[in-house]
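Subject: Structure handover

Hello,

Here is the structure for you to look at. Notes on what turned up in it follow below.

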Amino acid sequence: MNFISRALVLGSLSAMVGCVTTKGGTKTPDTNEPKPSTVSLVDYCDDTQKGISKEADTLASPYGIDQHLDKNFPDRKVSWLMTDSAYQKFVVQTGAKNFGRCNDVGCYLFAAPSASIHGAVEKAKTADGKHDPAVLGQALGLPAKNFEGPLRMMTLDLAAQKVCTRLPVDADPGVWKCQTPEDTDCFKFGGYTSGGAPEVMVINAPVADTQVAEIP
């Protein structure tokens with residue numbers, strides 16, 4: 001995740017937010033539709049993102065986004081963290097419709113399994129009701145400095161909201177390539193952060209459909 005300087009989790013953690021495009025309202029679930037676990041989230045992508053996803057899956061072959069989701073995101077729920085200051089600046093003050101770094105094509109967000117993020121936040125809780133940045137960073141394989149101060153934790157159900165999701169690639173906005181094997185806050189292709197945490201690239205994660213929790 002550069003999510004955080006790069007982005008798995010912080011941003012993401014400090015990712016620019018503000019793409020003005022927004023998704024239409026969700027329809028009433030059709031009982032005849034395939035269950036979320038059998039639907040590829042790439043089906044919800046536009047042609048540009050489908051093309052990028054196909055190339056990424058070919059490069060990762062025989063492992064692709066669907067196998068990555070089944071293994072690491074079985075419930076299709078993702079979460080990420082932002083500092084409260086970044087959340088206020090890039091989401092609240094701008095009235096952002098989508099999370100992530102945005103360009104004229106869409107908004108790009110690195111996200112991790114909700115279970116992993118929620119578990120790390122719970123583990124990092126301190127007796128005074130706040131959180132320990134060092135414990136949180138260690139749990140997520142990222143620098144502790146990315147988690148200093150009050151945080152916001154976002155959670156999104158990708159399948160329920162039908163959000164385009166694929167493997168991250170090095171051309172994605174916000175990617176910071178690793179310079180040395182020891183780097184732990186940089187991008188490595190394959191669906192995992194340099195710290196070994198699973199991640200995916202979410203396109204146009206809707207602010208309105210995302211649950212937000214305060215982390216003191």
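A term to start with: buried means under 20% relative accessible area, exposed means over 50%, and partly exposed is in between (1.4 Å probe, protein chains only). By that scale glycine 196 is partly exposed, because its relative accessible area is 46%.

Some ground rules. This is a predicted model: local features need pLDDT of at least 70, side-chain atom pairs count only at pLDDT 80 or more, and totals for chains, interfaces and linings use all residues. Residues are numbered from 1 along each chain as its sequence is written, and side-chain values use heavy atoms, with hydrogens and water left out.

Confidence

pLDDT is the predictor's confidence in each residue, from 0 to 100. The chain has a mean pLDDT of 83, and 80% of its residues reach 70 or more. Please take care with residues 1–36, where pLDDT stays under 50. The model has 138 contacts (heavy atoms within 4.5 Å) beyond four places in sequence for residues 1–36. Where pLDDT is low, the predicted coordinates should not be read in detail.

Glycine 196

Helices (H or I, at least four residues) and strands (E, at least two) are DSSP runs, numbered from the N terminus. Glycine 196 sits in the loop between strand E6 (165–166) and strand E7 (200–203). In sequence, glycine 196 and leucine 142 are 54 residues apart. In space they are 9.6 Å apart, C-alpha to C-alpha.

Two strands pair if DSSP finds at least two bridges between them. E1 (residues 77–83) is largely enclosed by the rest of the structure, because six of its seven residues are buried. E5 (residues 151–157) is mostly covered, with six of its seven residues buried. E1 and E5 run antiparallel and are joined by seven bridges. One of the residue pairs is threonine 83 with leucine 151 in E5.

Serine 79 has a bridge partner in E5, threonine 155. Serine 79 also has a bridge partner in E4, alanine 112. Two bridges join E1 to E4, and these strands run antiparallel.

E5 also pairs with strand E9 (residues 211–215), antiparallel, through five bridges. Methionine 154 stands opposite valine 212 in E9.

Salt bridges

Side chains of opposite charge can pair when their charged atoms come close. A salt bridge here is a side-chain nitrogen of Lys or Arg within 4 Å of a carboxyl oxygen of Asp or Glu. The whole structure has five. Three of them stand out for these notes:

- Aspartate 84 and arginine 152 form a salt bridge, with the closest N and O atoms 2.8 Å apart. Aspartate 84 lies in helix H3 (residues 84–92) and arginine 152 in strand E5, so the pair ties together parts that are 68 residues apart in sequence. Aspartate 84 is partly exposed at 22% relative accessible area. Arginine 152 is buried at 13%. Salt bridges that share partners join Asp84, Arg152 and Glu214 into one network.
- Aspartate 70 and arginine 76 form a salt bridge, with the closest N and O atoms 2.7 Å apart. Aspartate 70 is partly exposed at 46% relative accessibility. Arginine 76 is buried at 3%.
- Arginine 166 and aspartate 172 form a salt bridge, with the closest N and O atoms 2.7 Å apart. Arginine 166 and aspartate 172 are both buried.

The aromatic pair

Rings of Phe, Tyr and Trp (its six-membered ring) pair if their centres lie within 6.5 Å; planes under 30 degrees apart count as stacked, over 60 as edge-to-face and the rest as tilted. The whole structure has one such pair. The ring centres of tryptophan 80 and phenylalanine 99 are 5.1 Å apart and the planes are at 75 degrees, so the pair is edge-to-face. Tryptophan 80 lies in E1 and phenylalanine 99 in strand E2 (residues 98–99), so the pair ties together parts that are 19 residues apart in sequence. Tryptophan 80 and phenylalanine 99 are both buried.

Helix H2

Which residues of H2 (residues 65–72) are buried? They are Ile65, His68, Leu69 and Asn72. These residues lie on the same side of H2, because they cover an arc of only 95 degrees around the axis. The arc is that of the directions from the helix axis to the C-beta atoms. The cover over the buried residues of H2 includes helix H1 (47–60), strand E4 (107–113), E6 and E7.

Best wishes
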